[in-house]
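The sequence and structure come next.

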Amino acid sequence: MSVVSPAGPRIRTSTEAVLVRRPKGWRRARTFVLPLIGLAVALVFLSPFLVMLIDALRTSSDVTTTPASYLPRQWHFSTFSEVLSDTRFLNWLKTSLIVAAASTLIVLVVSVPAAYFTARFRFPGRTAFLLLVLITQMFSPTSLVVGIYREFFDANLVNTYLAIILTNAAFNLAFAIWILHGFFSSIPQEIEEAANLDGCGRFGTLARIMLPLTLPGLVTAVVFTFIAAWNEYVVALTLMQDDNKKPLTVGISSYVTGYQQHWDQLFAASLIAIVPVVILFATIEKHLVGGLTAGSVK
Amino acid sequence: MADQIADSVAASGSPDAASGSGPGSTSGPALPGGPAAGVRAVGRRRNRGRERGRAPWWVALLWLGPALLLIAGVVIYPAIELVRASVSHYSITGLRLGSAGGRNYSKVLEHPALNTVLKNTAVWVVAVVALTILISLALAQFLSKDFFGRKVVRWAIIVPWAASLVITARLFTLIYDYNYGILNHLLLSLHLISKPVDFLGDDRWTMISMVAVGVFVSIPFTAYVFLAGLNAIPTDVYEAARIDGARPWQVYWQVTLPLLRPAMLVASVLNIIYVFNSFPIVYTLNDRNPGYTHDTSITFMYKLAFKSADKDVGMSAAAGIFNVALILVVVLVYLRLVKWQESENR
């Protein structure tokens, strides 16, 4: 892969290849300039959440006091520990974790066979199935929530985790099938044939050969579904009336209502709610970018 | 019709986004089709079709069964309920009084706010999707470079995606506030404005303010799709371009962008759907304003049922059906346009 160009430097990455024509000064400067731009970019994306953090450390009335002040008039550091020791908050957190994890698991278990099969086989109804998947993506839970409520009410599932889990799973299925279908289609048939010759059955091939090769796709589906389920609001608001079993999004909204306004607690709770997602993301991010199929068939 | 849609999806939409559909799709380089495989997705798909095995419908049912059950139970059944509601007559308290035929649909079509709502929806979707894609392209290009602290920047960008939209929307109502908003405070102290701007009350500013938040929360996902697409482009393509004497800008325009097409398709189709259906931002930021001056189709639908003087579940259901139809048409037209461009290019 490395080629010695007439200009001199070895070319290793795509970025260097593009940059190689730039003047020498730039190459030295980019060591400092790029991290600085990076810092600016990070600040832009974090700035609203810095406001959130500072608002969490104010007294609640300070949040809506005119004129605005950049820093709290009175620092109020105990908000985070107040929220973390609030049993209601811990219950909501538990619900969110259960719901998001279970929805993600269901999506994986259901979408992998569907995506694999549609990618590898022609069968009557294949087109109709792909069409169906595309269309489910277009319905928003907001427009269907009345029907969903009625259905789960008839099935006696209102106020259960299962109702929210199933709904989240169904609405995120389309994306997972979409993405995984693409990954499965891109894996050359030869790999599977080789596995078959080596005595691997259809399921064995899927589990031992195809899934590891599709890891970036699986990770994408996991991140996507988990975040969507973690932040789902409308369906949970409608289906979960038991305060102890509400997920975070719905639960923490009760910190600020027409009757009581605890902006500080609302924001502290929201910031805490972001943490699990960022941790999940940081742990599996490397798989998003890993080059797994490169070189598997020469 | 059905065939065309599924074909557009299968061929260009996504999936076959072989060389880099989702974040992290690095499978492109390994393809026998070579680096330009993504661009030639349509042709390749046809070839693969011949390789693909055939299976009887009952085997298919075994593999697709769980997915079908879930979709039927949680999406199709309520969707049928929605259709049923759209042809029913409801009292203001939501009691079904009988059939309404097509009356709900004509009531939506004759609604005085319909033009405003459609115009708002068009502005909202086009502005948010276009800006999101432009900014995300640049951002992904930047994040694909190697520099000190890149990992931290990547994590930071996840935060707007990881945060609950409902809460982010409420946060922005505070940031934008006329009296105690930090944004006005900042702009005033920098002397960029001489008196506070009513970002959410002034008709000239409301849509701009909403679009800004919409773009802000849509960028993380989109940038990641592009980042994955960039990672899937093999380095030797760049080398070849460089050896041919291409300037950096030419390389980007003629090598990177065409190879990013699969990622671009995924990012734009998904963004179109999400932005169309985006409820919390428009609803929350627009909460103060009476009527439908800044509503998009989805908040219009919600208000018809729960918030307005109409309080008409049937009419809202009809609006919901129109909404899905609108998204379907827009996505199809988009896929058509892209396919047409693709054949132009070849």
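Helices here are DSSP runs of H or I, at least four residues long, and are numbered from the N terminus. The model is predicted.

**A loop in chain A.** A:Asn156 is found in the loop between helix H7 (141-154) and H8 of chain A. A:Asn159 lies in the loop between H7 and H8 as well. Phi of A:Asn156 is positive, near 60 degrees, in a residue other than glycine. A:Asn159 is not a glycine either, and its phi is about 75 degrees.

| Residue | Other C-beta atoms within 10 Å | Class |
|---|---|---|
| A:Asn156 | 9 C-beta atoms within 10 Å | exposed |
| A:Asn159 | 15 C-beta atoms within 10 Å | partly exposed |
| A:Ala207 | 13 C-beta atoms within 10 Å | partly exposed |

A:Ala207 sits in helix H10 (residues 202-213) of chain A. Its C-alpha atom is separated by 26 Å from that of A:Leu134, 73 residues apart along the chain.

**The core.** The largest nonpolar core has 184 residues. Among the members that touch the most others are A:Ala170, A:Leu173, B:Leu70 and B:Phe226. Helix H8 (residues 161-186) of chain A gives the most to this core, with 17 residues. Domain 1 (14-56) and domain 2 (82-289) of chain A both give residues to the core, so it lies between them.

Which residues of chain B does A:Ala170 touch? A:Ala170 touches B:Leu70, B:Ile71, B:Val74 and B:Val75.

Terms used
Residues are numbered from 1 along each chain as its sequence is written. Chains are lettered from A and ligands numbered from 1 in the order in which they are written. This is a predicted model: local features need pLDDT of at least 70, side-chain atom pairs count only at pLDDT 80 or more; totals for chains, interfaces and linings use all residues. Helices (H or I, at least four residues) and strands (E, at least two) are DSSP runs, numbered from the N terminus. A residue is buried if 20 or more other C-beta atoms lie within 10 Å of its own, exposed if 12 or fewer, and partly exposed in between; C-beta atoms are placed from the backbone. A nonpolar core is a set of buried Ala, Val, Leu, Ile, Met, Phe, Trp, Tyr and Cys residues joined through C-beta atoms within 7 Å. Domain bounds come from an automatic or database domain assignment. Two residues are in contact if their C-beta atoms, placed from the backbone, lie within 7 Å. Lists of a residue's contacts leave out its neighbours within four places in sequence.
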